[in-house]
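User: I have a structure open and would like to talk through how its parts pack together. Can we go through it piece by piece?

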Amino acid sequence: MAKQMKAAFYDEFGGPEKIKTGELPIPDLQEGEVLVRVKAAGVNPVDNAVLAGWLSGNIPVQFPAIPGWDVAGVVEGRGFSARRFNVGDEVYAYARRPTVQHGTFAEYLVIPESYLAHRPKNLSWEETAGIPLVGLTAYQAMFDAGQLQAGQTVLILGASGGIGNLGIQLAKWKGATVIGVASQRNHAFMKELGADHTIDYTGTHVGEAVKALFPGGVDFIFDAASGETLQQSLLALKPGGKLVSILNTGEDVDKSIDFQYVFVEPNSTELEHLRELAEAGILKVHVSEQYSLDQAAEALTQIASHHTKGKIVVVP
């Protein structure tokens, strides 16, 4: 008889009201897999898109499905040949698998050890769980796709959300000049994170506001907002500048623009680098709220509001 664990899960697509909490079997350890005791799980807007069934064309879902792709926890068991980590090691991961089924909103997670990295020792479990998806998204968009260099100017759209937070900090670490776009109430927060300039997208034409600061335009736009804000911003992109979006797949982007769409991939090497940056005091994670497994539906309702400052987490 498989051991049981408490988990939040859903049996059909829909909104947060479809989430229930109960007992599910802990999957058996296969070759190369480890058992992680979940200490905290990060909540992301994409969790609602998966729950709604919007991504099932690209990422199949098997029911009952446990939401959550971000995890921080402790290695408690190892399958055959899984020897990169010892039992008791503290780890974190972006745990998106090819099929959505065994997510992180649970007491335990069984996952290939190749997904795991050592967690930043100077952060709390909750802060650690707030890094993987947003940290890797910002890293892959700005450095892998965008090749952002010291001395360049980057415009970050949606800069006060989880991804934008890490985007500001990573761009500053790289030596770029950062302009953050978000509502006025988040401007002091963006400045604290290191933004050189802040622009309010409400009542302002973002592109014109950027041109007022940088008449020659910016080298790079990192789009974590899309919509009207993105359309306005294109005016401020230098000729030959780069646009990377995590929301817009490019159908309505002018073909003359150097454009790339990024959907974040698990990458344990980059997570180890993010750990080093966190331990060096370069990355901070702002956790605004934490929820229990029984409150997973509330956590997903909160993230859907798009007014979360920093990160929210589920703690089993």
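User: How are α1 and α9 oriented to each other?

Analyst: This is a predicted model, and in it α1 and helix α9 (residues 296–304) pack at an angle of about 110 degrees, with their axes 8 Å apart. An angle of 65 to 115 degrees counts as roughly perpendicular, and α1 and α9 are therefore roughly perpendicular to each other. Their crossing is left-handed.

User: Which residues of α1 and α9 make the contact?

Analyst: On the α1 side the contact is made by Pro45, Asp47, Asn48 and Leu51, and on the α9 side by Leu300, Ile303 and Ala304. Sorted by class, the residues of the contact of α1 with α9 divide into five nonpolar, one polar and one charged.

User: What is Pro16 in contact with, sequence neighbours aside?

Analyst: Leaving aside its neighbours within four places in sequence, Pro16 is in contact with Asn48, Leu51, Ala297, Leu300 and Thr301. Pro16 is found in the loop between β1 (4–9) and β2 (20–25).

User: Is Pro16 buried or exposed?

Analyst: Pro16 has a relative accessible area of 19% and is buried, though the cut-off is under 20%. For a sense of distance, Pro16 and Tyr115 are 99 residues apart in sequence, and their C-alpha atoms are 27 Å apart in space.

User: How many residues are in the largest nonpolar core?

Analyst: The largest nonpolar core has 84 residues, and those with the most contacts inside it are Phe105, Val154, Leu170, Phe222 and Leu274. Helix α3 gives the most to this core, with nine residues. Apart from it lies another core, of 17 residues, among them Ile199, Ala209, Val218 and Val253.

User: What does Val154 touch, leaving out its neighbours in sequence?

Analyst: Once its neighbours within four places in sequence are set aside, Val154 is in contact with Leu148, Ala171, Ala176, Thr177, Val178, Ile179, Phe220 and Phe222.

User: What about Ser81 and its phi?

Analyst: Ser81 is not a glycine, yet it has a positive phi of about 70 degrees. Its place is in the loop between β4 and β5 (90–94), and with a relative accessible area of 40% Ser81 is partly exposed.

User: Then Ser226, is that one buried or exposed?

Analyst: Ser226 is buried, with a relative accessible area of 14%. Although it is not a glycine, Ser226 has a positive phi of about 65 degrees, and it lies in the loop between β11 (218–223) and α7 (227–233).

User: Where does Thr229 lie, and what does it contact?

Analyst: Thr229 lies in helix α7 and counts as buried at 14% relative accessibility. Leaving aside its neighbours within four places in sequence, Thr229 is in contact with Leu157, Val181, Tyr201 and Val206.

User: Last one, where is Gly217?

Analyst: Gly217 sits in the loop between α6 (206–213) and β11, and at 6% relative accessibility it counts as buried. Setting aside neighbours within four places in sequence, Gly217 is in contact with Ala236 and Lys238. Gly217 and Gly53 are 164 residues apart in sequence and 39 Å apart in space, C-alpha to C-alpha.

Notes:
Residues are numbered from 1 along each chain as its sequence is written. This is a predicted model: local features need pLDDT of at least 70, side-chain atom pairs count only at pLDDT 80 or more; totals for chains, interfaces and linings use all residues. Side-chain values use heavy atoms; hydrogens and water are left out. A nonpolar core is a set of buried Ala, Val, Leu, Ile, Met, Phe, Trp, Tyr and Cys residues joined through side-chain atoms within 4.5 Å. Buried means under 20% relative accessible area, exposed over 50%, partly exposed in between (1.4 Å probe, protein chains only). Helices (H or I, at least four residues) and strands (E, at least two) are DSSP runs, numbered from the N terminus. Contact means heavy atoms within 4.5 Å. Axes are lines fitted to C-alpha atoms, for helices over the stretch in contact, and angles run from 0 to 180 degrees between N-to-C directions. Angles under 35 degrees count as roughly parallel, over 145 as roughly antiparallel, 65 to 115 as roughly perpendicular and the rest as oblique. A crossing is left-handed if the near helix is turned anticlockwise from the far one by less than a right angle, and right-handed if clockwise. Ala, Val, Leu, Ile, Met, Phe, Trp, Tyr, Cys and Pro count as nonpolar, Asp, Glu, Lys and Arg as charged, and the others, Gly among them, as polar.
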